[in-house]
Amino acid sequence: LRWRGGSRRTWGRSESAGAYAWDYLVTDLGYKCHLSDVAAAIGLAQLRKLEANNDERRRVVDIYRRELADVGAVGLPVEREGCRSAWHLFSLRVESRARRDQLFLFLRHRGITTGVHYYPLHMQPYYRGAGASLPVVEDLWGRLISLPLFVGMTEDEIGRVVTGVRDFYRGWAHGLGRH
């Protein structure tokens, strides 16, 4: 599929009796999803930084987990014993979709960009016709919000995020309602 759905890749066609064999069949709808040399070179350079970058994200995650542990209204991500996450995302689980959307707007108002990862495929227009019913996925997706997490994140930036989440829930605890 990654080679346009063709029955034989270029390399395979060039091995045919020592001469380039031009003939191939397109047997499936395919894509052209291989890396260019430039993208591959960048990828190789980034691989050399992988462990250091993972450690840097882990540093941010450790602070988030420590500083948000007592915010009882949110669920923090779990790293199971024997597993080691790369911490691509740090998503809080909140009470409801409405609360997630309010937290999103509250933090955005403070200049903090959050995300919602990932929109369930069965809810996308292309896949709706499949008729999938996944109520647990829909419920969880509606309650997840991803906090900023990136290599080079400063103590001040992390502190702004933590303070934003705490202030949001402090406001709700004091009956301030919408922010």
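Entry 1: The model I am consulting is predicted. I placed Leu44 in helix 2, which covers residues 37-47. I then noted that Leu44, Leu47 and Leu50 form a nonpolar patch on the surface, and that their accessible area together is about 290 Å².

**Entry 2: helix 4.** I checked the span of helix 4, residues 97-109. Its 13 residues reach 18 Å from the first C-alpha to the last, close to the 18 Å expected at 1.5 Å a residue. I next listed the buried residues of helix 4, which are Arg99, Arg100, Leu103, Phe106 and Leu107. They lie on the same side of helix 4, because they cover an arc of only 125° around the axis. On the face turned away from this buried side I found the exposed residues Arg108 and His109. Just after helix 4, I recorded a positive phi of about 80° for Gly111.

**Entry 3: backbone geometry.** I kept in mind that most residues other than glycine have a negative phi, and that most peptide bonds are trans. I found that Trp87, although not a glycine, has a positive phi of about 50°. I located Trp87 in the loop between helix 3 (50-68) and strand 1 (91-93). Trp87 counts as buried, with 4% relative accessibility; the cut-off here is under 20%.

I also looked up the peptide bond from His117 to Tyr118 and recorded it as cis, with omega near -20°. I placed Tyr118 in the loop between helix 4 and helix 5 (135-141).

Conventions:
Residues numbered from 1 in each chain as written. Predicted model: local features only at pLDDT ≥ 70, side-chain atom pairs only at ≥ 80, totals over all residues. Heavy atoms only, no water. Helix = DSSP H or I, 4+ residues; strand = E, 2+ residues; numbered from the N terminus. Expected span 1.5 Å × (residues − 1). Buried < 20%, exposed > 50% of the residue type's maximum accessible area, 1.4 Å probe, protein only. Arc of directions from axis to C-beta. Patch = residues over 30% accessible without salt bridge, like charges linked within 9 Å, V, L, I, M, F, W, Y side chains within 5 Å. Areas by Shrake-Rupley, 256 points an atom, 1.4 Å probe, with all protein chains shown as cover. Salt bridge = Lys/Arg side-chain N within 4 Å of Asp/Glu carboxyl O.
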